[in-house]
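Dear colleague,

I am passing on the structure below, as you have not worked with it before. My notes on what was found in it follow.

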Amino acid sequence: MSYVTASAPGKCILFGEHAVVYGQPAVAVAIDQRIKVKIQPSQTGLWLLDGGDLNFTRNPHIAGLIDRLWADDETLQPLSFQIEGNIPRASGLGSSAALSSATAAALRMAKGRWLNAKGDGSNNNQWSEGYSSSIRETNPYTGSGYRENREEQYAKKEFHLTGPKAVDIDECALLAHSVEADAQNGRASPMDSSTCSHGGIVVISDKREANIDWQYTRKMTTPEGVRTWEIHTMKPPEDDVYLVIGNTGIHAPTSRQVANVAKMLKKNPKRFREIETIGRIARRGIAALIQGDYETVGRTMTENHLMLQSIGVSSPELDNLIKAAAPTALGAKLTGAGGGGCMIALTRDPKLTSDAIELAGGRTLITKLGATGVAIDKHGGIPFCQ
Ligand code: MEV
């Protein structure tokens with residue numbers, strides 16, 4: 001029986017949420033909690049999700065990925081998806097980006113990749129199909145059309161690469177970003193999708209940073225104009241530091257939170273100063289991370305939270321959990337889009353901080369900083385159809 005199981009981690013943003021949508025720097029870490037996606041050819045000839053019909057409208061991320069990777073090939077049959085994991089949904093922990101990245105990896109693994117000549121696909125110049133930050137003629141964003149197949153002169157389709165080498169992490173990140181952008185009306189930074197794909201620590205900046213590994217440039221047209229982000233990765237800390245995640249249990253859709261900030265800025269453009277201040281705080285946080293100075297990282301996170309309160313994306317429930325965590329933590333802030341969802345506390349004593357947050361009414365998860373990114377966990381009988 002053909003099947004592929006892929007998984008991807010959730011993420012927490014240490015600095016710069018919301019401001020990153022406007023091109024400011026930001027930092028996120030992959031967390032230990034993951035989403036796992038299993039795909040198999042459907043036995044009923046219908047698209048299935050967890051045993052029932054797959055509703056494409058209610059599952060726009062999966063639908064968008066099927067469109068981009070599966071639908072244009074008649075040899076490929078409908079699939080059955082099974083999804084499980086321990087990332088709470090709609091809570092600011094990147095569950096949709098993790099789902100999208102794992103789904104992109106599973107679909108690519110199931111179908112393989114056509115190359116122009118025999119090769120291992122490690123150089124995307126060899127690809128006859130696929131999406132990459134460094135292939136200019138591929139565009140996965142629906143706003144301006146998308147296609148997987150490259151211009152005819154580059155798409156010879158002479159060798160079909162199958163197995164884990166067909167899967168490309170940059171492609172997973174790019175596709176996850178494109179379906180996130182669709183779901184957020186064109187306003188989505190690559191923060192969540194790149195972190196859930198690459199794992200470790202991801203730093204996004206408006207310029208190429210020295211001292212950390214630059215990966216690629218990402219460009220996208222948003223309703224407010226063209227944005228350019230430079231994506232970097234950093235290794236996880238060797239220090240004994242943890243994040244305690246406190247969940248308010250309140251669901252606040254990212255698209256609504258992001259739209260509220262856009263409305264506020266449109267009404268009062270002077271408030272872009274607050275967005276720029278978040279960018280400056282993030283820049284200080286990046287410097288502290290590079291130095292491994294976690295006391296300063298924590299203090300800078302707390303400072304970032306004050307600015308998030310100022311732009312109106314916190315909530316009394318988040319502030320309550322942050323206050324409870326503060327005495328035992330190096331720093332604490334909301335993480336993700338806010339309005340509900342989760343806060344995080346950076347701490348050297350995760351048990352003590354977790355107890356304090358739980359006493360204040362939050363549900364907690366504990367994670368190290370910088371888990372492994374998207375991965376193919378198991379597979380059999382690939383490619384699915386040929
Ligand atoms: C959501 O996790 C982070 C936001 O900055 C939105 C985005 O970056 O696309 C609020």
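To begin with, helix α3 (residues 169–183) and helix α4 (residues 191–198) have axes that come within 8 Å and cross at roughly 150°. Angles over 145 degrees count as roughly antiparallel, and α3 and α4 are therefore roughly antiparallel to each other. The crossing of α3 past α4 is right-handed. On the α3 side the contact is made by Ile169, Cys172, Ala173, Ala176, His177 and Glu180, and on the α4 side by Asp192, Ser193, Ser194, Ser197 and His198. Sorted by class, this contact has four nonpolar, five polar and two charged residues. Please keep in mind throughout that this is a predicted model.

Helix α3 also packs against α2, at an angle of about 130° and with the axes 8 Å apart. Here α2 and α3 are therefore oblique to each other. This crossing, of α2 past α3, is right-handed. From α2, the residues Ser96, Ala97, Ser100, Ser101, Ala104, Ala105 and Arg108 meet Glu171, Cys172, Leu175, Ala176, Val179 and Glu180 of α3. The contact of α2 with α3 has seven nonpolar, three polar and three charged residues.

Next, helix α1 (residues 60–69). Eight of its 10 residues are buried, so α1 is largely enclosed by the rest of the structure. The buried residues are His61, Ile62, Ala63, Gly64, Leu65, Ile66, Arg68 and Leu69. Their cover includes the strands β3 (48–49) and β5 (79–85), together with the helices α2 and α3.

In soluble globular proteins, nonpolar side chains tend to be buried together. The largest nonpolar core in this model has 63 residues, and those with the most contacts inside it are Leu14, Ile39, Trp70, Phe81, Leu243 and Leu289. Helix α2 (residues 95–111) supplies the largest share of this core, 10 residues. Apart from this core lies another, of 25 residues, among them Met307, Leu318, Met343 and Ala345.

Leaving aside residues up to four places away in sequence, Trp70 touches Trp47, Leu65, Leu76, Gln77, Leu79, Leu107, Ala110, Lys111 and Phe384. Leu65, in that list, is also one of the buried residues of α1.

Regards

Terms used:
Residues are numbered from 1 along each chain as its sequence is written. This is a predicted model: local features need pLDDT of at least 70, side-chain atom pairs count only at pLDDT 80 or more; totals for chains, interfaces and linings use all residues. Side-chain values use heavy atoms; hydrogens and water are left out. A nonpolar core is a set of buried Ala, Val, Leu, Ile, Met, Phe, Trp, Tyr and Cys residues joined through side-chain atoms within 4.5 Å. Buried means under 20% relative accessible area, exposed over 50%, partly exposed in between (1.4 Å probe, protein chains only). Helices (H or I, at least four residues) and strands (E, at least two) are DSSP runs, numbered from the N terminus. Contact means heavy atoms within 4.5 Å. Axes are lines fitted to C-alpha atoms, for helices over the stretch in contact, and angles run from 0 to 180 degrees between N-to-C directions. Angles under 35 degrees count as roughly parallel, over 145 as roughly antiparallel, 65 to 115 as roughly perpendicular and the rest as oblique. A crossing is left-handed if the near helix is turned anticlockwise from the far one by less than a right angle, and right-handed if clockwise. Ala, Val, Leu, Ile, Met, Phe, Trp, Tyr, Cys and Pro count as nonpolar, Asp, Glu, Lys and Arg as charged, and the others, Gly among them, as polar.
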